[in-house]
Amino acid sequence: MWRTLWRSIDRFSLQHFKHVINELRVIKVVDKLNKDLVVDLLQSIVEIVTYGDRHDPAIFECFMEYQVLGEFVRVLKISKNSRIEAPLLQYLSIMIQNMDTDNAIYYCLSNDYINSIITHQYQFDGGDLASYYVSFLRVVSCKLNKDTLCLLVKVHEDAVVSFPLYSEALKFAYHGEKMIQTAVRALTLNIYNVGDDMVYQFVTAPPVSQYFSDLILRIKKQCLHLDSLVDVTDGKTGELLLETDKIVDDLYYLEDVLSVDEPRLSKMISESLISLLVFPMLLPLLPLRPSNGPYVSAVTSLFVVARLLQIVQRKSLINFVASAVLYAMFSSVKDGSEVVTNGGTAQANDFAYPLDEMVGPETKGAENLKMSYLLGYLSENLSLDCRFSGIPCDDTGKERGGILPHIFSDNQTLMLASLMLLLVLAESKDLDYRLAGLIGFRQTETTMQKTYDSSPPLVFDSRVFMIHLPQILRALLKVLATQPPFSVLTQWQTGWFLRKLLIFQETKLDSHDIHLFNRSYEQSSECLRKELAGCWFDYIPDTLRNEWENCKRVLEESSQRKDPFFVLELANHQLTSCGGTASILAWQKMIDAVKVYVLHLHLKAFIYRGDPFENPLRNLKSTSLAISGRKYVSDLSSASFGSEISLVLAGSGIPCKISFSKIGMRDIYLIPIATGISGKLLLLEKHPLHSKRGVVIAIAPLAGLNPKIDENHPTWLHLQIREFDPTFDEKKLRSHRVNATNHEEDGKWTIGFTNSKACDAARLLILEETNKQRSSVESLLAPLLNISQHIANCQGD
């Protein structure tokens, strides 16, 4: 009997559910006093409904009979400064998200309850309510399909006149919190992917369609801000990365919308992109008459356009950009030059490239953008003196038009940025075959022609860039051979372009270019040899092994996958900055020398043999010093901190003294030891219990010690200790480069000896072991040098 009276209530029973609903119904106002009670009731309802949807149909029937969603709406309306909105939206989101049956979802979206909750007048006062609200909207959008979408829109005469879910979400499209922006974009994509014709008409018609033009204008504004950062953030790539990430995120979102593949959406976005972003970005690249307006620099323009074409891969954009940057060549052809067809020659006047046809059918009949207007604008504003009828083949020829002035610019950053855009265009599968023929790269031209089978392809009798390719290659080689050298970033990117263009070229470099490259190679070799005498020579083999693979990956990168961000980095800091004696600066100098040398090895193999060779140092063991080890060791080379070493074995140890700031003067033994390419300096102290053993109390790398006797105290020996701890982790390397300008001080040890003779003997012993270690490194690198010499011998084959 007592067990029956005290039996626990089944919180998922239909009876308990009705009890909770009735408790909620009796509440007439929600304030701070009863807020917690209401929150508990809402939580219980959501838990029971979620359970009933999966396990007990009677519960959901009760949910519909009592119109519980109406109670949620009523609670919102009777709330008075209780801040009940956030938990209500949170629990409602949980309930809708966990509904599995179609009937449950259909019911929740019907009766206009959801729209009432969406359009409720919330007070977004900077708290977390906006996050809960947008999250609720996103959850609702996840449940949309062609059957349920009609429940959330208002239709008049076969046209959507109101769509609160979409309209209210767009109000948060540019919210300061990134998660909210992401949720809004996910919501819009969910709606677009439903594929409802009336909704497409609604979102692509004014004023709702203003969302897309606002987004593109926002990207343009970000580009202007990015351009300003390039000039002011000297060497600080972090700010540039943050700003470019914002632009790239927006472009990927536009690509996601275009991937829905709805003609009206694609047409509207493509037109807005071309008229509001692409065309203004192209203006700095065109020799137009001066016009008013805020335009970005040519380098930023090239970056933005190249990145856009990599992300938003649409035929209309590819061919519009190609037509615009090559327009000067079109105009020269139209003025009477001949073109060649498979059946003979024809006048360019008969050809008269239909550029609007190349751009693609989706731009036909555009309301905001007329191709004829843009082409007319180019024709009217393009300076006449930039058009050329004959294409010069030497550096002193006539003034070049279109993108050519940037490719032949004395500014290396502008040159590389221009080539980047050209390669992105040339390797695009959507580039019109006639434009590919004008560029003249054999591989891309052949690929494009295969897609057109209707009529004989027209090919210019003078392929503009193929004619200028020897000049372009020579300009790239001059960048590599420049003294003082450009930054490693510049040289690696130049090497990538050089390799890429050599793939397109049908003939090899001429003797003058070979001589120029060999001079550049010898300069890189000389820099590496100098580093063998530096304080980081022991890390050169490891660095070669790591940078070999890094360089190979960079050189083989596709232009469609290559991030053009490097052009902004180059514009941000042009020349290498070196100097100082801190080990971190010396480390970076060694890394740069190895990178440049490895680049030249790869390029030399490609130039002379046509393919790279395998990394000869792949199986090389690391030279890093051990930091922990066995309790007792018999081999000095394996000793680590705390190891016990026989003082009999360490007969070459020199007794001396050293003073530590916290523990005072200590009697120690100094032992420099070089084993192969590894080397270290051991400081041992006698074992307190075993007089014939010593304990390692300190270890320093042998390289970089630079032992010097004090001028005033001939018994003192000064040693320079590398405090910087190198690693081959990419992220840490990047942080080391950033901090390299801090000029961190190296550690210093001062060792005291009984007399000047012992002090000088210690100095000579350290130098002797250091030279042994350096000789081992040089011997290890000898096969690599022989390989490079073998490649050089292949030149005559």
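You're looking at a predicted model, where local features need pLDDT of at least 70, side-chain atom pairs count only at pLDDT 80 or more, and totals for chains, interfaces and linings use all residues. Residues are numbered from 1 along each chain as its sequence is written, and side-chain values use heavy atoms, with hydrogens and water left out.

**Stop 1.** Select Glu255 and Arg314. They form a salt bridge (a side-chain nitrogen of Lys or Arg within 4 Å of a carboxyl oxygen of Asp or Glu), with the closest N and O atoms 3.4 Å apart. Glu255 sits in helix 14 (residues 237-258) and Arg314 in the loop between helix 16 (298-311) and helix 17 (315-325), so this pair ties together parts 59 residues apart in sequence. Helices here are DSSP runs (H or I, at least four residues), numbered from the N terminus. Buried or exposed, what is Glu255? Buried, at 14% relative accessibility; Arg314 is buried too, at 18%.

**Stop 2.** Now pick Asp100 and Arg54, whose side chains meet in a salt bridge (3.1 Å, N to O). Asp100 is in the loop between helix 6 (85-97) and helix 7 (102-109), while Arg54 is in helix 3 (residues 35-55), 46 residues apart. Arg54 is partly exposed, at 46% relative accessibility.

**Stop 3.** Finally, go to Lys772 and Glu769, another salt bridge (3.4 Å, N to O). These two are 3 residues apart in helix 33 (residues 756-793), about one helical turn. Lys772 is partly exposed at 41%, but Glu769 is buried at 8%.

Conventions: Buried means under 20% relative accessible area, exposed over 50%, partly exposed in between (1.4 Å probe, protein chains only).
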